[in-house]
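Please read it beside the sequence and the structure shown here.

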Amino acid sequence: MDAHLHEWLNLLLRWIHFIVGVAWIGASFYFNWLENNLDRRPPQEDGIAGNLWAVHGGGFYHLKKFSTGPDTLPSPLHWFKWEAYTTWLSGFSLLVVVYYVNARAWLIDPAVMALEPWQGIAVGVGAVLGSWFVYDALCRALRARPVALALAVFAWFALLAFVLANLLSGRAAYIHVGAAIGTVMVANVFFVIIPAQKEMVAALAERRALDPATGENGLLRSRHNNYLTLPVLFTMISSHFPSTYGNAHGWLVLVLLSVTGVAVRHYFNVRHRGNRLAWILPLAFLAMVGIMIMTAPKPVTGGARVSDAEMLSIMTSRCATCHAANPGQAGFTAPPKGIELDTLDKIRAQRDAINQVTVVTHTMPIGNLTGMLPEERDTVGRWIQAQKP
Ligand code: HEC
């Protein structure tokens, strides 16, 4: 695909994905907050379970939640589903445009596993769609045991992170775990939550009693979605943080960050019942510090002095094919992230970033397209070390 067109397709899809994702998660956070903050103290109006006053933007709002439902079907009745569906559609398109169109650069890392692009794509798509079937089967098998179910779902995604980290590039592994979780969340909306709401509306229209199991199942799936949001949001921004996905135990870093996110979500879910679980927040902070220490770079020591000419020669052959004003690498029309590595001054200015992506982690050269050797990483590390005052 033409590189410029590719970049703009990426831009358009990413912008849309971000907007609809905000609308979806925002609405979901809002309704969750509403449910937790309803004033349920008696007296309430007939048939009302709770109500809530709010002030926002231009005025006062008064919301009511019905114990069962209104007597007649109101019109218009607003549904919240397209936010979720469009998030999935734009996200999957983005996955194709970024990771599958240029699979050798973004999806595959020959140092992890020398897959052909079609094999990498099969692994990626299989992980994303397969996760829904595994998750749904777990929900059916363990419906009566919510804690065991939550642990089983968690174990599945941890296993997926481990397996993908051993098949794809670190960055692609993270985004595919995120895409798999996101797919489960959207499929929950499409296959369970919305059908349960349709059933509720139909029961109301036909004035018949509703099977309580319908609502309970929908509620369980929405609760899962709620806990999965923080981990999924992290994976979506993870590509900015090479020290996470580029770590030798990148999958474990993702698992630990996800546990932290789920714990924080839990605190916000139960906060309205008092601050009994406030200790979660400082503990989550300590966990983040622990993960930061775990992913810290190890200092490079010893070895012969590296000359400037040697460093420049490595950067020129391994990096500047992309990182130059006019990249020679097919598919690149501008230096990625504006980083140029074709003169010693520019290399010196970027030395910390270079150290992070080539020595501490091996996320550059991307897909190791220029075939950088392990000895060269070592050499780069020693040159950078010697620059430190
Ligand atoms: C095949 C093209 C290519 C080659 C070769 C390449 N890079 Fe990159 N580099 C990229 C792309 C694309 C990005 C932007 C990644 C993104 O959007 O997150 C990037 C980003 C970076 C960043 C910014 C990382 C961040 O997350 O902010 C640094 C630093 C970097 N490269 C250094 C290097 C070094 C050092 C080399 C040589 C050892 C190198 N690159 C080789 C394509 C390349």
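A residue is called buried under 20% relative accessible area, exposed over 50% and partly exposed in between, with a 1.4 Å probe and protein chains only. By this rule Tyr 99 and Trp 106 are both buried. This is a predicted model, in which local features need pLDDT of at least 70 and side-chain atom pairs count only at pLDDT 80 or more, while totals for chains, interfaces and linings use all residues. Residues are numbered from 1 along each chain as its sequence is written, and side-chain values use heavy atoms, with hydrogens and water left out.

**Overall architecture**

- The C-alpha trace spans about 85 × 50 × 45 Å along its principal axes.
- Of the 389 residues, 39% count as buried.
- Among contacts with a separation of 6 or more, 65% come from residues 24 or more positions apart, a contact being heavy atoms within 4.5 Å.
- The chain exposes about 21,700 Å², of which carbon and sulfur atoms supply 66%; accessible areas come from the Shrake-Rupley method with a 1.4 Å probe, and for residues only the protein chains shown count as cover.
- The mean positions of the 30 positive and 24 negative charges lie 6 Å apart. Lys and Arg count as positive and Asp and Glu as negative, with His and the chain ends not counted; each charge is placed at NZ of Lys, CZ of Arg, CG of Asp or CD of Glu.

**The hairpin**

- Strand 1 (residues 48-56) and strand 2 (residues 59-66) pair in the antiparallel sense over eight bridges; pairing requires that DSSP finds at least two bridges between two strands.
- The two strands form a hairpin with two residues between them, and Gly 57 in the turn has a positive phi of about 50 degrees.
- His 56 stands opposite Gly 59 of strand 2, and Trp 53 has His 62 of strand 2 as its bridge partner.

**Aromatic pairs**

- Rings of Phe, Tyr and Trp (its six-membered ring) pair if their centres lie within 6.5 Å; planes under 30 degrees apart count as stacked, over 60 as edge-to-face and the rest as tilted. By this rule the count comes to 14 aromatic pairs.
- The rings of Phe 31 and Phe 80 have centres 4.9 Å apart and planes at 65 degrees, so this pair is edge-to-face. The pair links distant parts of the chain, 49 residues apart: Phe 31 belongs to helix 1 (residues 3-37), and Phe 80 to the loop between strand 2 and helix 2 (82-100).
- Phe 31 is partly exposed at 40% relative accessibility, as is Phe 80 at 43%.
- Tyr 99 and Trp 106 have ring centres 6.5 Å apart and planes at 75 degrees, so they too are edge-to-face.
- One aromatic cluster is formed by Trp 82, Tyr 85, Trp 132, Tyr 135, Phe 190 and Phe 191.

**Residues in the helices**

- His 6 lies in helix 1 and is buried at 12% relative accessibility. Beyond its neighbours within four places in sequence, His 6 contacts Met 1, Val 97, Val 101 and Asn 102.
- Trp 15 is also placed in helix 1, but is exposed at 55% relative accessible area.
- Thr 183 in helix 6 (residues 170-205) is buried at 7% relative accessible area. Leaving aside neighbours within four places in sequence, Thr 183 contacts Trp 88 and Val 128.
- The buried residues of helix 13 (residues 351-360) are Ile 354, Asn 355, Val 357, Thr 358 and Val 359. Their cover includes helix 8 (242-245), helix 11 (308-318), helix 12 (344-349) and helix 14 (374-387).

**Backbone features in the loops**

- Most residues other than glycine have a negative phi, and most peptide bonds are trans.
- The bond from Ser 75 to Pro 76 is cis, with omega near 0 degrees; Pro 76 sits in the loop between strand 2 and helix 2.
- The bond from Met 364 to Pro 365 is cis, with omega near -10 degrees, and Pro 365 belongs to the loop between helix 13 and helix 14.
- Asn 368, in the loop between helix 13 and helix 14, has a positive phi near 40 degrees although not a glycine.
- Lys 337, in the loop between helix 11 and helix 12, has a positive phi of about 55 degrees without being a glycine. Lys 337 is exposed at 70% relative accessibility.

Terms used: Helix = DSSP H or I, 4+ residues; strand = E, 2+ residues; numbered from the N terminus.
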